[in-house]
Amino acid sequence: SGHLPNYADAMFSFKTRDEEDFGLKPMNCPGHCLMFGHRHRSWRELPLRMADFGALHRNELSGALSGLTRVRRFQQDDAHIFCRQDQIKEEIAGCLDFLNHVYGIFDFTFDLKLSTRPEGFLGKVETWDHAEKVLQETLDASGIKWELNPGDGAFYGPKIDITIKDALRRSHQCATIQLDFQLPERFDLKYVDDKGGEQRPVIVHRAVLGSVER
């Protein structure tokens, strides 16, 4: 997946008695890619949406820990949407509608930021440019105010970061919507289109509450 060279410092890793390297799962994306790729897929199955509340572990620095807002073991309301290129805008719009619904229940106000290509990114510049353009067009169409946050995207794709304020008016990032063209390449994920040819899906990463404990 590319996570190990980019994320190893934030993982809990250990060796077995047979000197095999193991790590506690820090995120759900690789597992969901394996689930998608375990059999042939048809264009009729897409979008395929997977949600996962499994336990995640991250080796955060002790100074970064804070109550239940930043912890080392947590449950995330994590989802990955495998879709076709022509379904991206509709799926991102659906994520934004879902976000509005959930945050409306709690009477949260939120700010949106489009975080773009960072240093150490995976993939081709033109792929990133296309992904960022799609997210920008979807945000513009939503009618919700947003800001540009250059260079703060995930290493595998640009993302929409959603920040809320707590009772003391402190900002917290909870939700995120990320567009990913890289993991489908790295896992060689494919589906058969309506003409019988093989195509590559796109992944939308989506979390609304983020850490449920928080």
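This is a predicted model: local features need pLDDT of at least 70, side-chain atom pairs count only at pLDDT 80 or more; totals for chains, interfaces and linings use all residues.

Colleague: Noted. What box do the C-alpha atoms fill?
Modeller: Roughly 55 × 55 × 30 Å, taken along the principal axes.

Colleague: And how many helices and strands are there?
Modeller: The chain comes to 5 helices and 12 strands.

Colleague: What share of the residues is buried?
Modeller: Buried residues make up 42% of the 214 in the chain. As for the accessible surface, that comes to about 12000 Å², with 51% of it belonging to carbon and sulfur atoms.

Colleague: How about charge, how many positive and negative side chains?
Modeller: There are 28 positive and 33 negative side chains, and the centres of the two sets lie 2 Å apart.

Colleague: OK, let's go inside. Which residues touch the most other members of the largest nonpolar core?
Modeller: Tyr103, Ile162 and Leu179 do, in a core of 27 residues. Elements giving two or more residues to this core are the helices α3 (88-105) and α4 (125-142), plus the strands β5 (73-83), β6 (110-115), β8 (159-165), β9 (171-180) and β12 (202-211).

Colleague: Which of them gives the most?
Modeller: That's α3, with 7 residues.

Colleague: Is Gln182 buried or exposed?
Modeller: Gln182 has 9% relative accessibility, so Gln182 counts as buried, the cut-off being under 20%. Setting aside neighbours within four places in sequence, Gln182 is in contact with Leu122, Gly123, Thr127, Trp128 and Tyr156.

Colleague: And Glu198, buried or exposed?
Modeller: Glu198 is exposed, with a relative accessible area of 52%. Glu198 is found in strand β11, residues 198-199. Beyond neighbours within four places in sequence, Glu198 is in contact with Lys190 and Tyr191.

Colleague: What separates the C-alpha atoms of Glu198 and Leu183?
Modeller: 17 Å, with the two being 15 residues apart along the chain.

Colleague: Let's jump to the other end. Where is Asp9?
Modeller: Asp9 is in the loop between α1 (3-7) and β1 (13-15). Asp9 is exposed, at a relative accessible area of 74%. Asp9 and Glu60 are 51 residues apart along the chain, and their C-alpha atoms are separated by 8.8 Å.

Colleague: What about Pro5, where does that lie?
Modeller: Pro5 lies in helix α1. Pro5 is exposed too, with a relative accessible area of 72%. From Pro5 to Asp166 is 34 Å, C-alpha to C-alpha, and those two are 161 residues apart in sequence.

Colleague: Now backbone geometry. Which peptide bond is cis?
Modeller: The one from Leu46 to Pro47, with omega near 5 degrees. Pro47 lies in the loop between α2 (29-36) and β3 (48-52).

Colleague: Why point that out?
Modeller: Because most peptide bonds are trans. Likewise, most residues other than glycine have a negative phi.

Colleague: What is the phi of Arg169, then?
Modeller: Arg169 has a positive phi of about 65 degrees although it is not a glycine. Arg169 lies in the loop between β8 and β9, and counts as exposed at 56% relative accessibility.

Colleague: And what is phi near for Asp188?
Modeller: Near 55 degrees, a positive value in a residue other than glycine. Asp188 lies in the loop between α5 and β10 (191-192). Asp188 is partly exposed, with a relative accessible area of 43%.

Key:
Residues are numbered from 1 along each chain as its sequence is written. Side-chain values use heavy atoms; hydrogens and water are left out. A nonpolar core is a set of buried Ala, Val, Leu, Ile, Met, Phe, Trp, Tyr and Cys residues joined through side-chain atoms within 4.5 Å. Buried means under 20% relative accessible area, exposed over 50%, partly exposed in between (1.4 Å probe, protein chains only). Helices (H or I, at least four residues) and strands (E, at least two) are DSSP runs, numbered from the N terminus. Accessible areas come from the Shrake-Rupley method with a 1.4 Å probe; for residues, only the protein chains shown count as cover. Lys and Arg count as positive and Asp and Glu as negative; His and the chain ends are not counted. The place of a charge is taken as NZ of Lys, CZ of Arg, CG of Asp or CD of Glu. Contact means heavy atoms within 4.5 Å.
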